[in-house]
Amino acid sequence: MIIRPERPITDWLPLTLKEVEKRGWDEVDVVLVSGDAYVDHPTFGTAVIGRIIESEGFRVAIIAQPNWKDDLRDFKKYGKPKYFFGVTAGCMDSMVNHYTANRRLRSNDSYTPGGEAGFRPDYATTVYTKILKELYPDVPVLIGGIEASLRRVTHYDYWKDELMPSILVDSEADLLVYGMGEQPLREILKLVKQGVPLGSIKNVNQIAYLHDATEEIPNDKNWNTVELSSHEVCLQDKIKYAANFKIVEVESNKTQANRIVQKVGDKTLVLNPPFRIMNEQEIDASFDLPYTRLPHPKYKKRGTIPAYEMIKFSINMHRGCFGGCSFCTISAHQGKFIASRSETSIMKEVEEIVKHPEYKGYISDLGGPSANMYRMKGKDESICDRCQSPSCIHPVICSNLDTSHKPLTKIYQQVDAHPEVKKAFVGSGVRYDLLVDDFNKNNKDGNHDEYMEQLVTRHVSGRLKVAPEHTSDDTLRVMRKPSFKYFKKFKEKYDNIQDKHNLKQPLVPYFISSHPGCEEADMANLAAETKDLGFQLEQVQDFTPTPMTVAEVIYYSGVHPYTLQPIITAKTKEEKLNQNNYFFWYKPEFKDWIRKRLHKLNRPDLAERLLKSQKQAAIDKVLGEDLVSKTQKKKNNFRR
Ligand code: SF4
């Protein structure tokens, strides 16, 4: 049984009318509608947005996972808010949350009590907003969160298999906040407080809205404007759609970005440039809001919330990721610049965690989107101000990027030394390439070695997850990932440290099948290469084209958005399944299929390599080495 601390209900933001009344409010200023259950923790978007609104002096209440199929009483429970409704699908895009890569309906939902599925509609942002507009046509609606953010311009929807316009068109929301919402939201709240209606807000950074196409868009002397091909042109021309993506990605990752406009029907979509990355004080302020760090007590009888169980003892130390991987949405949402929390704020969170009634001495993650990017930034930030690159480490590590791991090592050591912490693990994925000397030359003072030693000896929870994602260099280039040879170098370094300390913590590599640029033989090769390294893969993933990623654009358009050159992609269910099957070469039920398939593909060599037993492979290896050494001896004798 879970024992929760007895806290007054008013420690949470109100989730029921009773709680609103308990606070003595006769009305609510802002109502947030969310597709997730309400967990009052800085990892959950609705809690963050709710706490910010509260901190600006507004009365805010939450409607979590409302029933959208009945008489809509959930939507009506607080009546009309004074200022606006805020709508989010939750921490994930509702379609990614609901369906597998093969478009099969999932049977569970990590953001719902008991992990139950079915508590949020498909395209939740649009469904909720339409209902609210129907019920309260005169109340403005602000949309945000990952679903709204990544669907802010014309995008391909894998589940409908068609291009969709900005989510503002379908949802009919008044305003959209993209990316991490704190900064635009605070500005919006200031204006709302001054009496500016939400629908008239046009000059705040990081918002999007629709404007009458016959009228001039509002002028702003600080921004230049770039125009994308219209939604209608994209529907006719896939290449124009692909070219649009490059503009959106580049502008989303600049410190001084342009405003973007796109015609859609009789409207102009306007996307204002993003805010500069939060400074330490600003990001600390967001994490230091008075979260209870607990799910709302209303869920007590409905079972645990899996996403909360996963993070309740973890600490997110920074935001953003400069990797720019083709399949990932982090940089489209959080950007490539890293916003890092202060040591004080992180240690304050450790103090909070150790007080948790279920805490047993273990912190499950000291991490971030990528575990080891804490405090990393340009050595000369004025160079970054002129930079257009979507990644700081692909195809090579930028010479201006400071990749020192010293600040991160110091935090690990500080947390490790806390008397209440038995172990603090690193659960987030480590960017291993940053730690390989051949790839990253910034290890002159040994800071990477010091970090690795600290990581491997103190912070690995049985196994270390890393994500080479593929073994084929051609596919890796499309993925914006480094060559597989660097993974092998990393493994060597990792194994050496393990041997030195007599540790046995396996490395768990993650791979993706069916990514654009990956052909079936590449997958067979991947299986053979990883088999030779002694891995039996468990952590495998079939590629899902999620909106606003390079890989999604390639999947739909057939070309790379930067070169506009064609790239092959496995698209049918059968092609995707075929690629995925190779991961399981070690299972008897796949052996026959693999043999036949590789003979058909004219690659009996790969079939032989994959299907011979590991014992036989080891014998062959020894015999091979023996043969090489005998030949070498003969050559040497001959020379003598
Ligand atoms: S200049 Fe280098 S470090 Fe700075 S943003 Fe560009 S790639 Fe990243």
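1. The model is predicted.

2. H23 covers residues 588-600 and H24 covers residues 604-611. Their axes come within 7 Å and cross at roughly 160 degrees. Angles over 145 degrees count as roughly antiparallel, and H23 and H24 are therefore roughly antiparallel to each other. The crossing in which H23 passes H24 is right-handed.

3. A separate point concerns the second largest pocket. Its volume is about 940 Å³, and 48 residues line it. Nearest the centre of this pocket lie Ile277, Lys336, Phe337, Ile338 and Ala339.

4. Several elements give two or more residues to the lining of the second largest pocket. The helices are H8 (182-193), H13 (330-334) and H15 (381-384); the strands are E16 (339-340) and E19 (377-378). Which of the elements gives the most to this lining? That is H13, with four residues.

5. The lining of the second largest pocket can also be divided by residue class. It has 20 nonpolar residues, 17 polar residues and eleven charged residues.

Note on methods
Residues are numbered from 1 along each chain as its sequence is written. This is a predicted model: local features need pLDDT of at least 70, side-chain atom pairs count only at pLDDT 80 or more; totals for chains, interfaces and linings use all residues. Side-chain values use heavy atoms; hydrogens and water are left out. On a 1 Å grid over the protein atoms alone, a cavity is a set of points where a 1.4 Å probe fits but cannot get out, and a pocket is an open set with protein on both sides within 12 Å along at least five of seven lines; lining residues have an atom within 4 Å of a point. Grid points are joined across faces, edges and corners, and a volume is the space filled by probe spheres set on the points. Ala, Val, Leu, Ile, Met, Phe, Trp, Tyr, Cys and Pro count as nonpolar, Asp, Glu, Lys and Arg as charged, and the others, Gly among them, as polar. Axes are lines fitted to C-alpha atoms, for helices over the stretch in contact, and angles run from 0 to 180 degrees between N-to-C directions. Angles under 35 degrees count as roughly parallel, over 145 as roughly antiparallel, 65 to 115 as roughly perpendicular and the rest as oblique. A crossing is left-handed if the near helix is turned anticlockwise from the far one by less than a right angle, and right-handed if clockwise.
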